[in-house]
Amino acid sequence: MGWSSFIVRGILVSVLFALLQGCATSSLFTAYPTQATAFKKIISTNQTDAGIATTLAKLDEEREGADAMLYMMERGRITQLSSRFDESKSDFEFVISSFDEQDLASTIELSKAAAQGSSLLVNDNAIPYKGAGYERIFTHHHQAFNYLGEGDLEGASVEFRRVALEQRVLLEKHEKEVANAFEKAEEENIDLNALTPAFSGLDPVVGRVKSSFQNAYTFYASAAFWESVGELNSALVDYKKALEINSGSQLLKQDIARVTYKLGGQPSNTDFNQANDNQGVVVVFFEDGFVPAKSEIKIPLPTFDGGLISLAFPYYDIQHWPVSQHLRASDEDFNDLGWTETVVDVGALAVKSLKEQVPALMVRQVLRGYAKYELQKQAESHGGWAGQLIATAYNIISESADRRSWLTLPQTGQVMRFNLNEGERVVTFSTPLAHTNVSLDVQAKRTIFVRIVNANNSLITQVYEL
């Protein structure tokens with residue numbers, strides 16, 4: 001065997017090793033949004049039990065893979081919207097355990113070292129999915145609703161307290177991760193300022209939210225739950241947190257005034273939206289559409305010897321951003337009960353999360369780009385035309401952005417609250433393209449949560465009696 005052949009074979013072995021490491025993830029060469037199309041399609045009132053079962057079985061096959069956390073997020077939401085609360089609870093317990101394992105620093109470093117070693121010659125899809133901050137909050141949010149679906153108020157209260165803690169911990173963790181990324185860039189002499197302007201097009205959407213993970217929809221659900229079970233101080237805290245994020249919300253100002261009054265305070269706002277003694281409370285949670293998927297952009301980067309390499313980055317096409325619909329409620333006599341109000345733009349959370357990851361993404365992509373460029377040069381130098389062809393083909397095929405994210409989440413989370421006289425009531429909920437009737441057993445001084453999910457122009461409804 002000649003020296004040149006030895007080099008080529010060495011490169012091939014290295015590439016094969018990298019591929020084998022990366023193939024633990026199904027998203028390595030098939031973009032995740034393409035895979036998720038089937039998951040989103042199954043969320044509809046028009047789907048059969050057999051169709052849902054087939055999709056759930058396919059997702060279950062990913063339970064042992066490197067991206068198991070992501071697939072179980074999708075599975076947990078599908079099972080929950082099918083009212084399979086126990087199954088959904090199991091899926092989200094898996095996800096929560098995965099997040100907890102990541103929090104064990106020693107475990108993280110060991111797994112990261114192996115995965116990122118292969119990702120250096122492949123792409124970020126070779127790194128096991130670890131979830132974004134907003135996805136972690138939504139995991140606990142969904143788990144709380146699983147307990148509510150089973151009538152387990154104690155379990156729901158535990159999850160609502162956990163999600164409040166998670167939102168505080170994530171704030172500190174996020175600041176450390178951003179600082180570490182800038183330190184790494186400085187160590188590697190990578191000029192982030194030269195690359196980050198490519199992401200400035202995302203700023204109009206990023207500006208819609210204050211944080212990438214603080215979720216007023218979850219704060220509102222938690223506050224309404226605490227109020228319904230008489231934990232008024234906890235309710236007031238969470239209503240105020242939701243108002244900090246949505247400072248113009250009249251609904252939240254009513255909620256804060258009402259709870260303040262119940263606690264013996266003197267609120268300046270006299271509009272309480274308070275139920276009379278013969279009325280029950282209906283709190284509506286509306287989840288509209290699907291959160292947009294990541295797209296891809298290519299950014300050219302000059303090399304040290306005058307060459308040029310093209311790096312792939314995840315991106316969001318905000319030029320075609322979906323417009324969320326609102327939900328209207330009316331009673332049996334067609335009296336208007338109100339419209340939902342958006343309290344969280346999940347798409348904006350996702351975009352802001354990506355924007356915050358840009359420094360770390362830049363460092364990995366630049367190091368990967370230089371490594372692949374060096375590999376190509378070595379192949380050309382020692383492997384002749386065959387080595388050059390292999391290295392070039394490999395670089396083209398493997399250079400793809402990491403477009404993974406939880407895609408069955410809604411585009412927006414919206415809320416509404418109204419009071420109804422006790423008795424059997426039928427409420428009509430409608431969007432411009434769909435409507436549904438929901439029968440409610442309204443009891444005086446009791447609260448009912450009504451959750452409506454608008455997916456594929458069908459309204460999925462769930463009723464939780466507290």
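Predicted model: local features only at pLDDT ≥ 70, side-chain atom pairs only at ≥ 80, totals over all residues.
Local features were taken at pLDDT of at least 70 and side-chain atom pairs at pLDDT 80 or more, while totals for chains, interfaces and linings use all residues. Residues are numbered from 1 along each chain as its sequence is written, and side-chain values use heavy atoms, without hydrogens and water.

The protein chain has 13 helices and 11 strands (DSSP runs numbered from the N terminus; helices are H or I with at least four residues, strands E with at least two). Of its 466 residues, 53% are buried (under 20% relative accessible area, 1.4 Å probe, protein chains only). Among contacts (heavy atoms within 4.5 Å) with a separation of 6 or more, 72% join residues 24 or more positions apart.

Helix H4 spans residues 68-81. Its 14 residues reach 20 Å from first to last C-alpha, close to the expected 20 Å (1.5 Å times one less than the number of residues). In H4, 14 of 14 residues are buried. Just after H4, Ser83 adopts a positive phi of about 60 degrees.

Helices H11 (residues 232-245) and H12 (residues 250-262) form a pair whose axes come within 9 Å and cross at roughly 155 degrees (lines fitted to C-alpha atoms over the stretch in contact; angles run from 0 to 180 degrees between N-to-C directions). The two are therefore roughly antiparallel (over 145 degrees). Residues of H11 in the contact include Leu232, Leu236 and Tyr239, and those of H12 include Leu252, Ile256 and Val259. The contact residues divide into eight nonpolar, one polar and five charged (Ala, Val, Leu, Ile, Met, Phe, Trp, Tyr, Cys and Pro count as nonpolar, Asp, Glu, Lys and Arg as charged, the others as polar).

How values were computed
Buried < 20%, exposed > 50% of the residue type's maximum accessible area, 1.4 Å probe, protein only. Parallel < 35°, antiparallel > 145°, perpendicular 65-115°, else oblique.
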